[in-house]
Amino acid sequence: SLTINENSLGKDHPSVATTLNNLAALYKAQGEYAKAEPLYQRSLIIKEKPLGKDHPYVANTLNNLAELYRAQGEYAKAEPLYQRSLTINENSLGKDHPSVATALNNLAALYKAQGEYAKAEPLYQRSLIIKEKSLGKDHPSVATTLNNLAILLYRQDKLSEAIDHMQRALDIFTKKLPATHPNIAQVKKNLYFLKSKYT
């Protein structure tokens, strides 16, 4: 597909950038990070030419590249890309857009991975507020952020708050997802663990 697009549309066509992204995602899923990285970088360059450096599609590729670096533990490389992706989304889509919530979640996850919980918590909190406003308080994506925030609160010894957030996540998942969905099982497990620490 990449070869056909390059030959028929030209090497700098937006469709080439999309195919590069997809191929990079495949390599990332296989753990072949060295193959994925140059594809994401090339996709970024192609997108920036016609769209400019502040377009949401550029933000998406920046996020993909940051995710790749985070998966490898290269946090110093990932952070500025996450930050830039967040800024682009805020400026182009508005500060309360769901894509901003996603960018906040990703940056928070990076800080959480580094043990920088005080930096991560307000990002998760802000993401939660945005998701509740834009998607509704019972959306599964809200539950996902509640779960992430609960784990972070537990790591900061805020056990009572963590249990409250995890219980709410479970309530949402139970209401919105099939009973056999793996997210329900995972949150039940997390909640059981938190309650065992509380008693």
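Residues are numbered from 1 along each chain as its sequence is written, and side-chain values use heavy atoms, with hydrogens and water left out. In this predicted model, local features need pLDDT of at least 70 and side-chain atom pairs count only at pLDDT 80 or more, while totals for chains, interfaces and linings use all residues.

**Exercise 1. Describe the chain as a whole.**

Step 1. Count the elements: the chain has 10 helices and 0 strands. Helices (H or I, at least four residues) and strands (E, at least two) are DSSP runs, numbered from the N terminus.

Step 2. Take the extent: the C-alpha atoms fill a box of roughly 65 × 35 × 30 Å along the principal axes.

Step 3. Take the burial: 41% of the 199 residues count as buried. Buried means under 20% relative accessible area, exposed over 50%, and partly exposed in between (1.4 Å probe, protein chains only).

Step 4. Look at contacts (heavy atoms within 4.5 Å). Among those between residues at least 6 apart in sequence, 54% join residues at least 24 apart.

**Exercise 2. Determine how α6 and α7 pack.**

Step 1. Two packed helices are described by the angle between their axes and the distance between the axes. For α6 (residues 98-113) and α7 (residues 117-135), the angle is about 160° and the axes are 8 Å apart. Axes are lines fitted to C-alpha atoms, for helices over the stretch in contact, and angles run from 0 to 180 degrees between N-to-C directions.

Step 2. Classify the angle: α6 and α7 are therefore roughly antiparallel. The cut-offs are under 35 degrees for roughly parallel, over 145 for roughly antiparallel, 65 to 115 for roughly perpendicular, and oblique for the rest.

Step 3. List the partners: residues of α6 including V100, L104 and Y111 meet residues of α7, among them L123, I130 and L135.

Step 4. Sort the contact residues: 14 are nonpolar, 3 polar and 4 charged. Here Ala, Val, Leu, Ile, Met, Phe, Trp, Tyr, Cys and Pro count as nonpolar, Asp, Glu, Lys and Arg as charged, and the others, Gly among them, as polar.
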